[in-house]
Amino acid sequence: MKQMSDNKPVFIQIKEWIEQHILRGEWSKGHQLPSVRELSAEFGVNPNTIARTYERLTIEQTIYSVRGVGYFVSDQAKELIETRRREEFRKDTIPQFIADMNLLGIDLEEFIKHYNETEKQ
């Protein structure tokens, strides 16, 4: 059973888990996703939670459903996820990151030094 955190709704965590599979290329376009029942057992959640996750991913055009067969990764899924996540990163993560840098007195030069060290690892 997969471990869930308390800081985000469960269906969002499962959605992000699915998106990670797509972004890493583990699930490419046309790949069939696990059934609602399989995924609910894997995460230890109510099947309605998985259905809600799949509904959100369908609305976002990341996946599509074939009646009686299951859910599949859409042709444009990876690009859509990357676009959404980049926008969220620019809007949410970067401003908070810069605020934290300023609060801690980390200048751009120090950041670049640590960035380059991390990249080498």
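Buried here means under 20% relative accessible area, exposed means over 50%, and partly exposed is anything in between, with a 1.4 Å probe and protein chains only. The model is predicted, so local features need pLDDT of at least 70 and side-chain atom pairs count only at pLDDT 80 or more, while totals for chains, interfaces and linings use all residues. Residues are numbered from 1 along each chain as its sequence is written, and side-chain values use heavy atoms, leaving out hydrogens and water.

**View 1. Glu87 and Arg90 pair up along helix 4.**
This is a salt bridge, meaning a side-chain nitrogen of Lys or Arg within 4 Å of a carboxyl oxygen of Asp or Glu. The closest N and O atoms of Glu87 and Arg90 are 3.5 Å apart. Why are Glu87 and Arg90 about one helical turn apart? Because they sit three residues apart in helix 4. Glu87 is partly exposed at 42% relative accessible area, and Arg90 is also partly exposed, at 48%. Side chains of opposite charge can pair when their charged atoms come close.

**View 2. Helix 4 bends at Phe89.**
Helices here are DSSP runs of H or I with at least four residues, strands are runs of E with at least two, and both are numbered from the N terminus. Helix 4 covers residues 77-104. The bend comes to about 40°, taken as the angle between axes fitted to the seven residues ending at a position and the seven starting there. From first C-alpha to last, the 28 residues of helix 4 reach 38 Å, close to the expected 40 Å; that expectation is 1.5 Å times one less than the number of residues. Which residues of helix 4 are buried? They are Ala77, Ile81 and Met101.

**View 3. A nonpolar patch on the surface takes in Phe89, Ile94, Phe97 and Ile98.**
Together these four have about 340 Å² of accessible area, computed by the Shrake-Rupley method with a 1.4 Å probe, where for residues only the protein chains shown count as cover. To join a patch, a residue needs over 30% relative accessible area and no salt bridge; like charges are joined within 9 Å, and nonpolar side chains (Val, Leu, Ile, Met, Phe, Trp, Tyr) within 5 Å. Ile94, found in helix 4, is partly exposed with a relative accessible area of 31%.

**View 4. Glu60 reaches across to Arg84.**
The closest N and O atoms of this salt bridge are 3.3 Å apart. The pair ties together distant parts of the chain, 24 residues apart: Glu60 is in the loop between helix 3 (47-59) and strand 1, and Arg84 is in helix 4. Is Glu60 buried or exposed? Glu60 counts as buried, with a relative accessible area of 19%, while Arg84 is partly exposed at 21%. Both belong to a network of salt bridges that also links Lys15, Glu19 and Arg85.

**View 5. Glu16 and Lys8 meet in another salt bridge.**
Their side chains come to 2.9 Å, N to O. Glu16 is partly exposed, with a relative accessible area of 25%, and so is Lys8, at 35%. How many salt bridges does a search of the whole structure find? The search turns up nine.

**View 6. Strands 1 and 2 make a hairpin.**
Strand 1 (residues 63-66) and strand 2 (residues 70-73) run antiparallel, joined by four bridges; strands pair if DSSP finds at least two bridges between them. Ile63 stands opposite Val73 in strand 2. Three residues lie between the strands, and Gly68 in the turn has a positive phi of about 80°.

**View 7. Gln61 has a positive phi without being a glycine.**
Its phi is near 65°. Most residues other than glycine have a negative phi. Gln61 sits in the loop between helix 3 and strand 1 and counts as partly exposed, at 47% relative accessibility.

**View 8. Leu39 is a buried residue of helix 2.**
Helix 2 spans residues 36-43. Leu39 has 0% relative accessibility. Leu39 and Leu57 are 18 residues apart in sequence and 15 Å apart in space, C-alpha to C-alpha.
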